Amino acid sequence: MIKVEWLYWLIGLVFVVMAVQMARDASNPKRWTSAAFWGLLGLTFPYGTGVVEGGASWSLPAEPLGVAVLGLIVLAGFNFIGKGVPVTTTQEQREVSAARLGNKLFIPAVTIPIVAIICASFLDESGLFETGKATLIGLGLGCIVALIVGMLVTGERKVSVPIHSGRSMLEAMGSALLLPQLLSVLGSIFAVAGVGTQVGNIVNDVLPDNSKYFAVIAYCVGMFLFTVIMGNAFAAFPVMTAAIGWPVLIQQMHGNEAGVLAIGMLAGFAGTLCTPMAANFNIVPASLLELKDQYGPIKAQLPTALALLVCNIVIMAVFAV
């Protein structure tokens, strides 16, 4: 049986290999601290397995993971992460290669979802994969297959070439790569701390009694605003759902559970388009594309986000509650 933990180990190994490359890259003025950051992150993947899945007789202590997280925070917070000068082809060489390959360049990208769909649709109950993890494992296998397909399409024979290219992108994204995971955890912490309950109490004091439309607006706009503040709809979801979505729209007003929660999440996704906290969506692309205005993507997406928010409010009010 293929376990999802094996995928996490592979991700950790990739980080460690790239950390070794960074340590050897003299063009990076912060190569040692950069290597320490990504190497430390990579080592947490296999170590975390021992903490979570270890038996009573050999479980690894969780405290070193906490120390590792603090170390990552210090390295990123004090700007100890740098990037080197990537060794790559010239602009002219890339243009010639792109013209030669044409639409074949899209084949590796399409390979990833195809493999993931096949695994999720046809191999979920085959016994080959860990129960309930076929989609996630399929996504990882899709990335591996796409790497092989990409090398075949481009005619590349050295595995080190895509690894170096991946390292360059990793250095360009920096610690912002970890923001979605950290913000999702923040949402869980807020839920456990009772933030959703307190927000619900405030909303119940302000909202008119049995006003479906005001409740729908409060839920959707709340999801939108909390996502803008927290940078992740998955972080805002447990807070606003505990405050309004579940107790008011579903239990009190007997709304459709799937409809209310799904549309509420879409309202949060509209907020994702408007927040610099969603760095991997809005700030990193501006950096990779070398845009003059780092907030350019947000400014361009704002009208669409507001239109989506209004549409979600109308759809929920008419069809879900």
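**First stop: the cysteines**

Select Cys 274, which counts as buried because its relative accessibility is 12% (buried means under 20% relative accessible area, exposed over 50%, partly exposed in between, with a 1.4 Å probe and protein chains only). The model is a predicted one, in which local features need pLDDT of at least 70 and side-chain atom pairs count only at pLDDT 80 or more, while totals for chains, interfaces and linings use all residues. Residues are numbered from 1 along each chain as its sequence is written, and side-chain values use heavy atoms, with hydrogens and water left out.

Next, select Cys 220, which is buried at 0% relative accessibility. Its closest cysteine sulfur, in Cys 311, is 11 Å away, too far for a bond. The structure holds 0 disulfides (a disulfide is a pair of cysteine sulfur atoms within 2.5 Å). Cys 274 likewise is in no disulfide, and the nearest cysteine sulfur to it, that of Cys 311, is 14 Å away.

**Second stop: α10 and α14**

Select residues 212-230, helix α10, together with residues 296-320, helix α14. Helices here are DSSP runs (H or I, at least four residues), numbered from the N terminus. The two pack at an angle of about 145 degrees, with their axes 9 Å apart; axes are lines fitted to C-alpha atoms over the stretch in contact, and angles run from 0 to 180 degrees between N-to-C directions.

Among the residues that meet are Val 216, Tyr 219 and Cys 220 in α10, and Leu 309, Ile 313 and Met 316 in α14. Contact means heavy atoms within 4.5 Å.

Which residues have the most contacts inside the largest nonpolar core? They are Val 216, Tyr 219, Cys 220, Ile 244, Leu 249 and Met 316, in a core of 28 residues. A nonpolar core is a set of buried Ala, Val, Leu, Ile, Met, Phe, Trp, Tyr and Cys residues joined through side-chain atoms within 4.5 Å. Its largest share, 7 residues, comes from α11. Then select Met 316: beyond its neighbours within four places in sequence, its contacts include Leu 249, Val 260 and Val 321. A second, separate core of 14 residues includes Met 18, Leu 72, Leu 75 and Leu 178.

**Last stop: Gly 12**

Finally, select Gly 12 in helix α1, residues 4-23. Gly 12 is buried, at a relative accessible area of 2%. Leaving aside neighbours within four places in sequence, Gly 12 is in contact with Gly 42 and Phe 45.
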